[in-house]
Amino acid sequence: MTESEIFYISGEPLTVPDSALRLHKDIVAELRVLLECRTSNPLDIGFRSGFEKVLSIYDAYQKETLIANGKQISCRAGCSCCCAHWVEDVNSFEIQIIVDYIKKYMPRQVGEIIRTCKEDIAAMENLEKIVDEKLAALDTQAEIDSSLLLLSSFYQLERPCPLLTSQGQCSVYSVRPVTCRIYMNLSDPIRCSTSNINYGEVVTCVLDMQEEANELLDELHLKFRRGGGCSALRAGIWEELNGTA
Ligand code: SF4
Ligand code: SF4
């Protein structure tokens, strides 16, 4: 076993077994091929199939790591309160792939998705002002992470992702972004509830790829970035669907 670069929000760290590290090397190799491809369109078939390969190797990497650590994911279809998070760090090409999927397979929902994204963006902007004002008025020397406070406050608004169905399913599951794939719970799902977000014992885990793969993903993000280049899911989708990207 080798020391991992898996990032826990809380809970004990995991270690990555050699079998998963070998898979990680394959992820890195595939990402390098994608970076070298000449296309400027992430919807090109070659890019799409290469990225799907990356995701399927990542699934295997995730499984190997969890098995080696004797862990099981508690996440199940229909369990979805985590989808009320303000999802960030979505790569530009992932947003374009998701929007292409929405236009192809869910054309009737486009209007509703644009409306909900817009409302959520307004709610986030409003919250940002409130958090700034409250922090400015606080008479304390303690260091407070304002972005973390903002994100946990948004979560407590319980505004589901505009891509979540009324049955609690991700409507773009096959093309959901990496940032949703790496987030999981290894304990009781009740711990994900919005009322528990500020308690230290919440055992949600971010089983991320390692540094080299993440750097390559960042390079790919920059390569395909357009418009405002927003990497928040709701804002990015709104930009793309509204034709402002
Ligand atoms: S992270 Fe929590 S809320 Fe989300 S699917 Fe997993 S157990 Fe359910
Ligand atoms: S994209 Fe899918 S998995 Fe991610 S937050 Fe939205 S509904 Fe949930």
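Leu-163 is in contact (heavy atoms within 4.5 Å) with Ile-98, Ile-102, Ile-113, Gln-169, Cys-170, Ser-171, Val-172, Leu-233 and Ile-237, leaving aside its neighbours within four places in sequence. This is a predicted model in which local features need pLDDT of at least 70 and side-chain atom pairs count only at pLDDT 80 or more, while totals for chains, interfaces and linings use all residues. Residues are numbered from 1 along each chain as its sequence is written, chains are lettered from A and ligands numbered from 1 in the order in which they are written, and side-chain values use heavy atoms, with hydrogens and water left out.

**Nonpolar cores**

- A nonpolar core is a set of buried Ala, Val, Leu, Ile, Met, Phe, Trp, Tyr and Cys residues joined through side-chain atoms within 4.5 Å; buried means under 20% relative accessible area, exposed over 50%, and partly exposed in between (1.4 Å probe, protein chains only).
- The largest nonpolar core has 50 residues, and Ile-27, Leu-31, Phe-51, Leu-163 and Ile-237 have the most contacts inside it.
- At least two residues of this core come from each of helix H1 (18-36), helix H2 (45-68), H3, helix H4 (110-137), strand E5 (204-206), H7 and helix H8 (233-241); helices (H or I, at least four residues) and strands (E, at least two) are DSSP runs, numbered from the N terminus.
- H2 gives the most to this core, with 8 residues.
- A second, separate core has 10 residues, including Ile-121, Leu-127, Val-131 and Ala-235.

**Ligand surroundings**

- Ligand 2 is surrounded by Cys-83, Val-87, Cys-161, Leu-163, Leu-164, Cys-170, Cys-180 and Leu-233, where a residue is listed if one of its heavy atoms lies within 4 Å of the ligand.
- The shell around ligand 2 has 8 nonpolar, no polar and no charged residues; Ala, Val, Leu, Ile, Met, Phe, Trp, Tyr, Cys and Pro count as nonpolar, Asp, Glu, Lys and Arg as charged, and the others, Gly among them, as polar.
- Around ligand 1 lie Cys-75, Cys-79, Cys-81, Cys-82, Tyr-183, Asn-185, Pro-189 and Cys-192, a shell of 7 nonpolar, 1 polar and no charged residues.
- Cys-83, in the shell of ligand 2, is partly exposed at a relative accessible area of 24%.
- Cys-192, in the shell of ligand 1, is buried at 11%.
- A search of the whole structure finds 0 disulfides, a disulfide being a pair of cysteine sulfur atoms within 2.5 Å.

**Packing of H3 and H7**

- Helix H3 (residues 92-105) and helix H7 (residues 211-224) pack at an angle of about 65°, with their axes 7 Å apart; axes are lines fitted to C-alpha atoms, for helices over the stretch in contact, and angles run from 0 to 180 degrees between N-to-C directions.
- Ser-92, Phe-93 and Gln-96 of H3 meet Leu-217, Leu-220, His-221 and Phe-224 of H7.
- By class, this contact has 4 nonpolar, 3 polar and no charged residues.
- His-221 is buried, with a relative accessible area of 13%.
- Not counting residues up to four places away in sequence, His-221 touches Val-90, Asn-91, Ser-92, Phe-93, Gly-229 and Ser-231.

**Individual residues**

- Glu-30 lies in helix H1 and is buried, with a relative accessible area of 19%.
- Leaving aside neighbours within four places in sequence, Glu-30 is in contact with Lys-53, Val-54 and Ile-57.
- Ile-73, in the loop between H2 and H3, is partly exposed at 26% relative accessible area.
- The C-alpha atoms of Ile-73 and Asn-185 are separated by 5.8 Å, with the two residues 112 apart along the chain.
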